Amino acid sequence: MLLHDTALIFGRYARQTLRSRFQILFGVLMPLLYLLFFGPLLRDLPLGSAGDSWQVLVPGLLLQLALFGASFAGFSIILEKSAGVVERMRVTPVSRLALLLGRVLRDALLFVFQAVVLVLAALVMGLRAPLPGVLIGFAFVGVLTVALASLSYALAMKVRTPQEFGPVINALTMPSMLLSGLMLPMTLGPGWLDVISHCMPFRYLVDAVRDAYVGSYTTTHMLYGVLMALAFALSAVAAGTRVFRRAGA
């Protein structure tokens with residue numbers, strides 16, 4: 001029943017997404033702008049890591065796409081609450097876990113598709129990366145989306161208005177981006193900043209994807225990145241499910 005209910009909810013939200021080309025393509029606009037206008041600035045700079053500038057920048061942009069896109073996914077729940085959709089779902093026998101999983105799996109599919117568009121654009125601009133590394137990057141985008149979207153939906157169930165939701169998300173996503181080395185490796189900064197960045201789980205993910213983009217699949221960065229991504233996703237889904245069950249959503 002869980003699989004059936006999850007597929008049912010996934011199908012509902014997937015159809016909504018397919019009817020909105022704006023939603024599908026607009027989310028990748030900001031990473032594309034970074035790629036177009038920020039990427040060329042790094043071409044001749046010593047970045048202190050393996051690979052060229054594109055192999056450093058593109059993995060960060062992929063995770064930035066998931067970070068900002070999935071973190072704001074909860075806005076849809078707030079709109080549904082105001083329209084009475086959540087109230088109608090409360091009286092159905094659908095699994096509360098399925099109500100969450102159906103949504104986050106739709107989000108994961110959407111952002112992986114946008115990640116594919118971003119990588120294709122990067123290939124045109126000069127990115128060269130092994131296919132297994134590129135696929136690993138997509139997998140990290142999907143797992144990170146599941147984690148962040150679960151937490152975003154959980155937060156959205158707790159707040160009443162978008163005015164309460166937006167500032168909290170901004171206060172969390174901006175430091176996460178700056179301290180995770182999404183744009184540039186944190187090893188370029190002072191030692192104290194590099195130490196602080198290790199408290200950010202996204203740091204381990206971006207280091208792992210950068211290793212994958214230069215063909216290194218058995219490094220310590222990869223091990224830590226996989227473990228951190230899986231632990232983060234499992235704990236986030238568990239937290240989101242708890243909130244959905246308590247809210248009867």
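Q: Is Thr145 buried or exposed in this predicted model?

A: Thr145 has a relative accessible area of 0%. Buried means under 20%, so Thr145 is buried.

Q: Where does Thr145 lie, and which residues does Thr145 touch beyond those up to four places away in sequence?

A: Thr145 lies in helix α8, which covers residues 131–158. With residues up to four places away set aside, Thr145 touches Ala66, Ala70, Asp107, Ala108, Phe111 and Ser150.

Q: Which backbone oxygen lies 2.7 Å from a polar atom of the Thr145 side chain?

A: A polar contact is a pair of N or O atoms within 3.5 Å. Here the backbone oxygen is that of Val141.

Q: How many aromatic pairs are there?

A: Rings pair if their centres lie within 6.5 Å. By this rule there are five aromatic pairs. One of them joins Phe72 and Phe75, at 5.9 Å centre to centre with 5° between the planes. Planes under 30 degrees apart count as stacked, so this pair is stacked. Phe72 is partly exposed at 25% relative accessible area, and Phe75 is partly exposed at 27%.

Q: What kind of pair do Tyr204 and Tyr224 form?

A: Their planes are 80° apart and their centres 6.4 Å apart, and the pair is edge-to-face. Tyr204 lies in helix α11 (residues 201–213) and Tyr224 in helix α12 (residues 220–247), so the pair ties together parts 20 residues apart in sequence. Tyr224 is partly exposed, with a relative accessible area of 43%.

Q: Which residues do ring pairs link into a cluster?

A: The cluster links Phe72, Phe75 and Phe165.

Q: Which residue lies over the face of Tyr13?

A: Arg12 does, at 4.9 Å from the ring centre.

How values were computed
Residues are numbered from 1 along each chain as its sequence is written. This is a predicted model: local features need pLDDT of at least 70, side-chain atom pairs count only at pLDDT 80 or more; totals for chains, interfaces and linings use all residues. Side-chain values use heavy atoms; hydrogens and water are left out. Rings of Phe, Tyr and Trp (its six-membered ring) pair if their centres lie within 6.5 Å; planes under 30 degrees apart count as stacked, over 60 as edge-to-face and the rest as tilted. Buried means under 20% relative accessible area, exposed over 50%, partly exposed in between (1.4 Å probe, protein chains only). Helices (H or I, at least four residues) and strands (E, at least two) are DSSP runs, numbered from the N terminus. A charge sits over a ring if NZ of Lys or CZ of Arg is within 6 Å of the ring centre and within 35 degrees of the ring normal. A polar contact is a pair of N or O atoms within 3.5 Å; within protein, one must be able to donate a hydrogen and the other to accept it, and residues adjacent in sequence count only if both atoms are side-chain atoms. Contact means heavy atoms within 4.5 Å.
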